[in-house]
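Please keep the sequence and the model at hand while reading.

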Amino acid sequence: LLGLEAYTPEQIAEARKLSPALHRYLEFKIPLEDPHQQRHEAWARCVLATYFQTATSEAVCTYWSQTADEILQRAWNECGLDRCEAVLFALGKQGAQELNLSSDIDLMLVAEGKDLMNVEKGLRRFREKLHLAGDYGFCFRLDFDLRPGGKMGPVITTPSQFQDYYWSQGETWERLA
């Protein structure tokens, strides 16, 4: 996907007039270590590529999904979840690498063992870092409701719960997701 520098100042000014969000994102001075910086820059690239038709919708969704993967992985590691016996599954549009600019990210966390307390703490930090709105807005809207049992099930699913649910109870659409 074309970088921001590939567009002329006139093109960027034109797009800023049409999109208050783009204008706001380009005005932020976000520290490089903050995941919002990468997210906002990628979002701006996607908006410009869409508006000026320099990339296909498929390419924009793939780029946006790959950026989300990078940000999720970075936040996962920063929250210490990479040192736990835990796995994060991306479902829905993110899992299919078809995320669009307004999509939430459907996630499921599977973990077990003596680390569960650390996984819970790490997950809280992970959600705060990416989901809660701060000075630069939210990074991504995260949805953990597609887990076994939906909203009523535990946020952290054990491998045996995962296997039992999808083997014996899950709907076809859930297996596909």
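In this predicted model, the accessible surface of the protein is about 10,000 Å². Carbon and sulfur atoms hold 53% of that area. The protein has 177 residues, and 40% of them count as buried. The C-alpha trace spans about 55 × 35 × 25 Å along its principal axes.

Charge can be summarised briefly. The protein carries 19 positive and 26 negative charges. The mean position of the positive charges and that of the negative charges are 5 Å apart.

Eight helices and four strands make up the secondary structure of the protein. Read from the N terminus, their order is α-α-α-α-β-α-β-α-β-β-α-α. Among the contacts in the protein with a separation of 6 or more, 63% are accounted for by residues 24 or more positions apart.

One helix pair can be described in detail. Two packed helices are described by the angle between their axes and the distance between the axes. Helix 1 covers residues 9-18 and helix 2 covers residues 20-27. These two helices pack at an angle of about 120°, and their axes are 5 Å apart.

Which residues of the two helices meet? From helix 1 they are Ile12, Ala15, Arg16 and Leu18. Their partners in helix 2 are Pro20, Leu22, His23, Leu26 and Glu27.

Most residues other than glycine have a negative phi. Gln53 is not a glycine, yet its phi is positive. Gln97, also a residue other than glycine, has a positive phi too. The table sets out both.

| Residue | Phi | Loop between | Relative accessible area |
|---|---|---|---|
| Gln53 | about 55° | helix 3 (35-51) and helix 4 (57-78) | 70% |

Terms used:
Residues are numbered from 1 along each chain as its sequence is written. This is a predicted model: local features need pLDDT of at least 70, side-chain atom pairs count only at pLDDT 80 or more; totals for chains, interfaces and linings use all residues. Side-chain values use heavy atoms; hydrogens and water are left out. Buried means under 20% relative accessible area, exposed over 50%, partly exposed in between (1.4 Å probe, protein chains only). Contact means heavy atoms within 4.5 Å. Accessible areas come from the Shrake-Rupley method with a 1.4 Å probe; for residues, only the protein chains shown count as cover. Lys and Arg count as positive and Asp and Glu as negative; His and the chain ends are not counted. The place of a charge is taken as NZ of Lys, CZ of Arg, CG of Asp or CD of Glu. Axes are lines fitted to C-alpha atoms, for helices over the stretch in contact, and angles run from 0 to 180 degrees between N-to-C directions.
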